[in-house]
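Colleague: Could you take a close look at a single part of this model and describe it in one connected account?

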Amino acid sequence: MAGLRRRGAGPSSGSAGDKDVVLGERCGDLDLRNGSDIPEVSPSTDSTPEILKKALSGLSSRWKNWWIRGILTLAMISLFFLIIYLGSFMLMLLVLSIQVKCFHEIITIGYRVYHSYELPWFRSLSWYFLLCVNYFFYGETVADYFATFVQRREQLQFLIRYHRFISFTLYLTGFCMFVLSLVKRHYRLQFYMFAWTHVTLLITVTQSHLVIQNLFEGMIWFLVPISSVICNDITAYIFGFFFGRTPLIKLSPKKTWEGFIGGFFSTVAFGFIFAYVLAQYQYFVCPVEYNSETNRFVTECAPSELFQIQSYSVPALLQAVLGRETINMYPFQIHSIALSTFASLIGPFGGFFASGFKRAFKIKDFADTIPGHGGIMDRFDCQYLMATFVHVYITSFIRGPNPSKLLQQLLVLQPEQQLNVYKILKSHLIEKGILQPSLRR
């Protein structure tokens, strides 16, 4: 690429040179097929607090990093427990904040890599598309779970009724703005950045929407998967730090088979025990619903069979070990094994994917937000993959008809439509023998 520029800037060297110059102009001076043409991002700075640097100054870099990661991990876990205590709405705000920060980190990498081109409207359009996509997904959530609240406000009724048309119009506006911003010599690069933005939206916004959908099914479907990924990350690091000898994958040289296997067994055990603890409380197992009378989220219900103690026969091979023929546990604990297994065996591939991305652009971390950990995206690269799995798992094996959600949708109908539904339902129940036909006099 630099060679093309030098040839274009110097005197004519014949027809071959002219062809090279023309070719360079047509390609917009960008050829991503050669890895050496990719500009390096400036290395991230050390954001470790000075008090920690002084306290750990006498340790080797290996142990210093160990203590920094450990202290910051405990701080983040403590903050996470505090947010859980504050309720589901605060958890939703946390998910939204993490989504925005992850989007910012990925977009900033693209901006820094190609900053010299000074593309018009690139960052503005990226944030505009983020706003559009969030408007669409959160509008869908409001329509699904806040129907009774919307019904009482005419302005919101208009927005919900035409929500998808408004969302499409907003996106179309951004699309037209992008087309108008196209500049000669930068066409290819601008389309690269257009794709960069949309893939980033797919990774961050779509997955965070699924996280919130899981949360509405019950806080336990939010906490067990996320905690399993965190547990696997911590235990795999510990096992790899003390016992790691065998490299696991070239994309991430510090990952070892010892850490991978140790993290798997630790995560499955943790998920099984953690699920048992949470399944005992309505606050965690009941679906999150919005109470229009109190204008608050509530988690009150009669726990489903998933969260009621059941008796299971112990396989003959394990009876001698456990010394019993039956065992009592919550059915959800069986599902927790599936969730923990995915978190420890498949979840790390989200981290490997992120490692490959960082290697492609010659960076160590997505950002330096958290000392010893990197950016927010470095901590949540596996969580997004986990969120998709949990959503698919719930819709495939768990979720049935939701009476509360159906009732909210019925309340939005016109009185004539509600009466028609009532007549059809009454007739159906009489045919089933559940209701007795009324006697006419």
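**A close look at helix 4**

Modeller: Helix 4 has 26 residues and spans 37 Å from its first C-alpha to its last, close to the 38 Å expected at 1.5 Å a residue, where the expected span is 1.5 Å times one less than the number of residues. Helices here (H or I, at least four residues) are DSSP runs, numbered from the N terminus. The model is predicted, so local features need pLDDT of at least 70 and side-chain atom pairs count only at pLDDT 80 or more, while totals for chains, interfaces and linings use all residues. Residues are numbered from 1 along each chain as its sequence is written, and side-chain values use heavy atoms, with hydrogens and water left out.

The buried residues of helix 4 are W66, I68, R69, L72, T73, F80, I83 and I84, buried meaning under 20% relative accessible area, exposed over 50%, and partly exposed in between (1.4 Å probe, protein chains only). W63, which also lies in helix 4, counts as partly exposed because its relative accessibility is 34%.

W63 belongs, with L59, W67, I71, I238, F242 and F243, to a nonpolar surface patch of about 640 Å², to which helix 4 (61–86) and helix 11 (219–243) each give two or more residues. After helix 4 comes G87, whose phi is positive, near 115°.

Conventions: Patch = residues over 30% accessible without salt bridge, like charges linked within 9 Å, V, L, I, M, F, W, Y side chains within 5 Å. Areas by Shrake-Rupley, 256 points an atom, 1.4 Å probe, with all protein chains shown as cover. Salt bridge = Lys/Arg side-chain N within 4 Å of Asp/Glu carboxyl O.
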